[in-house]
Amino acid sequence: MKNNASLAYSFLLIIADAVAITGAFSAAYILRVRWDPRPLIEQIPAFSFLYAFLAILPLWLLVHAFIGLYNQNVYEKRFTEIGRLLIGSFLGILVIIGYDFVLEGEFFPARLVAVYGLVLSFGFLLVIRSLMRMFRRLLFKYGIGISNVLIIGNTASSEHIADTINDTRHSGMRVLGIVGRKASGIAYFSSFEEAIEALPELPHGLIQTELYKNQNKNNKIMAFAQQNHITYRFVPGNTDLFVGNITVDLFADLPMIAVHQTQIVGWGRIAKRLFDVFASIMLIIITSPLMLLSLISLLIFDPKGGFIFRQTRLTRFNREFTCYKLRTHKQKYSGMSPEKAFKVMGKPELIKIYRENGDYIPSDPRTSAFGRFMRRASLDELPQLFNVLRGDISLVGPRALVPQELNTYAKKHDILSVKAGLTGLAQISGRRNISFEERRKIDMYYVQNWSFWLDISIILRTLRAVLTSSGAK
């Protein structure tokens, strides 16, 4: 039984986008033509401009459709949607400018109308998409547009999926039951046949988390989904494998799945490096006064020893490099491993606390008073911008760890398939509140699900964390 709720929502988004873009260019016309006394290129009446714009508007909406703004996997991810809207706004205005170029006569009464229209259209689209998201969740609250899902499989994944999507008001899905796995508060069915007979209506989707040894059982489930036009999803047993960059090609006349460790390949790797070079140069210029002041302050408050802390760490392809930071430890502990430093100071019991607390101890006795200030303000990390410029690390990536730390992690080679980062998803996900193992899992998610927009999101969230001193150690 097919659920047309997503199709209806996509149609509403098209209408909403059309209203937002039209409203933006109407406001742009008023701002430049009605409220700005400067002369115009050509006097174009308001309704003539509006009619001409409405004629070209479908091309802008086609651009939105082409970049996936009406696809469920885009509009359900907020930041992905924002990034696509920004791209769509630029492409849309280029379409209109191109139309103006080939048009006999003038389309815009003034060039600033196009500029105002670009800025306002992006803003209006953000607002109306946010309102549409709120409207959709309101409908979910009243049971409108809900997709009923049946989960099949006696695995932990079945419970995890049920627990994740059980909040119907946010997920838009309702779990009808689980076949073969008992879970609190969810209907249990011993077989797929029993579930189909017991349910008052057919589900909109099936999620199978277990591949049965009896192939006939698997064939019956797939055939049922196909015959009743039901969405079918399968969760592979090896979930660590089927992530990241997956392609399907014909090989020896058979469909073959190719799984890459990361999506940072090809153009993505080139774009990431170009962005690193440009951004690191700009940030070095901007933060150079702060680095100089920090060095002077170190000279005043902690003059003994060197100012730059150097440490060997790991980056892509298991390559070692020298990481640069401003020294925050007292000189006698500088360069020591945590285990050795705590033993030297006569407090070996702190080692266990340090590791169990995610490599963090409040008021770490190894750190100087000024060093604690630099860590709160993240000033000690600034010299790593030179590591970024050199290509040792990237602005965003898994945290660069010393070999002794990373060698304890079984999947280190997956993490080392990309460059380490100055900041990363793990750092902005609660640096002082998550364990070493949880951090590495977050690093793995980044490696396997990288996108340029994810990098931008992490950088923006890092700036917010630095400015508010949240999450810093």
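Isoleucine 151 has a bridge partner in strand E4, namely isoleucine 207. Two strands are said to pair if DSSP finds at least two bridges between them. Strands, marked E, are DSSP runs of at least two residues, while helices are DSSP runs of H or I with at least four residues, and both are numbered from the N terminus.

Before we go on, please keep in mind that this is a predicted model, in which local features need pLDDT of at least 70 and side-chain atom pairs count only at pLDDT 80 or more, whereas totals for chains, interfaces and linings use all residues. Residues are numbered from 1 along each chain as its sequence is written, and side-chain values use heavy atoms, leaving out hydrogens and water.

Strands of a sheet pair through backbone hydrogen bonds, either parallel or antiparallel. Here 5 strands form an open sheet with parallel pairing, in the order E3-E2-E1-E4-E5. At its edges you will find strand E3 (188-189) and strand E5 (231-234), each of which pairs on one side only. Helices lie across these strands. Helix H6 (residues 156-165) lies across E1, strand E2 (173-179) and E4, and runs at about 160° to E2. Helix H9 (residues 215-227) lies across E1, E4 and E5, at about 155° to E4. For such angles, axes are lines fitted to C-alpha atoms (for helices over the stretch in contact), and the angle between N-to-C directions runs from 0 to 180 degrees. Contact means heavy atoms within 4.5 Å.

The charged end of lysine 217 sits over the ring of tyrosine 212, 4.1 Å from its centre. Lysine 182 lies over the face of tyrosine 188, at 5.3 Å from the ring centre. A charge sits over a ring if NZ of Lys or CZ of Arg is within 6 Å of the ring centre and within 35 degrees of the ring normal.

Next, move to the aromatic rings. A pair of aromatic rings is described by the distance of the centres and the angle of the planes. Rings of Phe, Tyr and Trp (its six-membered ring) pair if their centres lie within 6.5 Å; planes under 30 degrees apart count as stacked, over 60 as edge-to-face and the rest as tilted. By this rule there are 13 aromatic pairs. Phenylalanine 49 and phenylalanine 53 are a stacked pair, because their ring centres are 6.4 Å apart and their planes are at 25°. These two are separated by about one helical turn, because they are 4 residues apart in helix H2 (residues 46-66). Is phenylalanine 49 buried or exposed? At 3% relative accessibility, phenylalanine 49 counts as buried. Phenylalanine 53 is buried as well, at 1%. Buried means under 20% relative accessible area, exposed over 50%, and partly exposed in between (1.4 Å probe, protein chains only).

Phenylalanine 49 also forms a tilted pair with phenylalanine 107, 5.6 Å centre to centre and with 50° between the planes. This pair links distant parts of the chain, since phenylalanine 107 lies 58 residues away in the loop between helix H4 (78-102) and helix H5 (111-141). Phenylalanine 107 is buried too, with a relative accessible area of 2%. Phe25, Tyr29, Phe49, Phe53, Trp60, Tyr99, Phe107 and Phe108 form one aromatic cluster.

In soluble globular proteins, nonpolar side chains tend to be buried together. A nonpolar core is a set of buried Ala, Val, Leu, Ile, Met, Phe, Trp, Tyr and Cys residues joined through side-chain atoms within 4.5 Å. The largest one here has 34 residues, of which Ile21, Phe25, Phe49, Phe53, Ile96 and Phe108 touch the most other members. H1, H2, helix H3 (72-75), H4 and H5 each supply at least two residues of this core, and H1 gives the most, with 10 residues. Apart from it lies another core, of 29 residues, among them Cys323, Leu395, Val396 and Val418.

Finally, look at two loops. Phenylalanine 317 has a positive phi of about 60° although it is not a glycine. Phenylalanine 317 lies between strand E8 (308-315) and strand E9 (319-326) and is exposed, at 59%. Serine 378 also has a positive phi, near 60°, but serine 378 is buried, with a relative accessible area of 13%.
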